[in-house]
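Biologist: I am new to this structure. Could you walk me through how to read its features?

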Amino acid sequence: MKHRHPLWHLLLFRVRALVREPTALFWTFAFPLLTALILGLAFRARGLPELTVAVVEGPQAEVFAARLEASADLRAMRLPRAEAFDALRKGQAALVLVPGEPPDIFVDSLQPDGRTARLAVRDVLGQMHGGPERPEVREHPVRASGHRYIDFFIPGMLGYSLMSSGLWSVGMAIVGMRTGKLLRRLSATPMRHGHFLLSFVLWRCVQAVVEILFVLAFSWLVFDVRVSGSLVAFIVFGLMGSLCFGGLALLVASRARNPQMANGLTNLILLPMTILCGVFFPVDRFPAWLRGVARVLPLTALNDGLRGILLDGTPLVLLWRQLLVLSLWCAVSFAVSLRIFRWT
């Protein structure tokens, strides 16, 4: 019988290893499809070529909105002035148009769609003017803190950072101790596993305070992002989110036997929430049923709370829904972790 080349057996070994590892199959085939499906749902309603323009309500708002709607590339929504700029900040509108003689347009150059919307709106205004010369339009770059896309993005980025650093620093540290047989040695001491787990979470809270202050200082110095509400409330809310994700990290680490298993479970928590929970664009882009799912996830509650305090100065008492979501996730994850944790 003719023997096959050793290279053939080595390749066959790698194929069998992939097929026998469910997590590898999931991240190789299923996750890219799920990501494409979710992002497709998020942007399906708007369509790639269509840009939203917020028209400030006034005497000529209906005329301007009708002409913008007649364009294949634009969609208009009439809003009060404050709501129009709020839509621009949240990425729900690419540009704000204030009707008048001449009209005013406000655009944030950091928004990817802002420059494209500016050119499309100018074309529509030129058609309304009817003459060959370029119509007079007053352009105002949006630079004031609280009205830019960067003001929307920074709290979402901070929420993502608190989630990812909490999951990786707490979960992987405990799994590393288990792999190195250190947990087996600690099990021989009179220390309770509840105290052991709590020490990781408390240290994570200290790190979170430093992380929050660093991001705020950097954002203020580089982008002039300012906290409209209480700085103490902002830090407290961030700590609540850090506690929640620390609890989820303990849940992963309580039974994960090796770094590969912990890595797969951590990514299973982290990556879907990164897409669904409004880090880079508003949750409102999703269909209603998917928005309902996103609203009960802890990262959505954390991002909404941080944005409420930073952008609108919302007090903690008015963020009770977000605090309730974070508290429930935190309590359940800690309770289950204490119950299922094993030293070995």
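Biologist: Is R295 buried, partly exposed or exposed, and at what relative accessibility?

Modeller: Buried means under 20% relative accessible area, exposed means over 50%, and partly exposed lies in between, with a 1.4 Å probe and protein chains only. R295 counts as partly exposed because its relative accessibility is 37%. A word on the source: this is a predicted model, where local features need pLDDT of at least 70, side-chain atom pairs count only at pLDDT 80 or more, and totals for chains, interfaces and linings use all residues. Residues are numbered from 1 along each chain as its sequence is written, and side-chain values use heavy atoms, with hydrogens and water left out.

Biologist: Which residue forms a salt bridge with R295?

Modeller: Side chains of opposite charge can pair when their charged atoms come close. The rule here asks for a side-chain nitrogen of Lys or Arg within 4 Å of a carboxyl oxygen of Asp or Glu. The partner of R295 is D304, with the closest N and O atoms 3.0 Å apart. D304 is partly exposed too, at 24% relative accessibility.

Biologist: How many salt bridges does the rule give?

Modeller: The count is six. Among them, E139 and R118 meet at 2.8 Å, N to O. That pair links distant parts of the chain, 21 residues apart: E139 lies in strand β5 (residues 138-141) and R118 in helix α5 (residues 114-129). Helices (H or I, at least four residues) and strands (E, at least two) are DSSP runs, numbered from the N terminus.

Biologist: Which residues are linked with E139 in a network of salt bridges?

Modeller: R118 and R122 are linked with E139 in that network.
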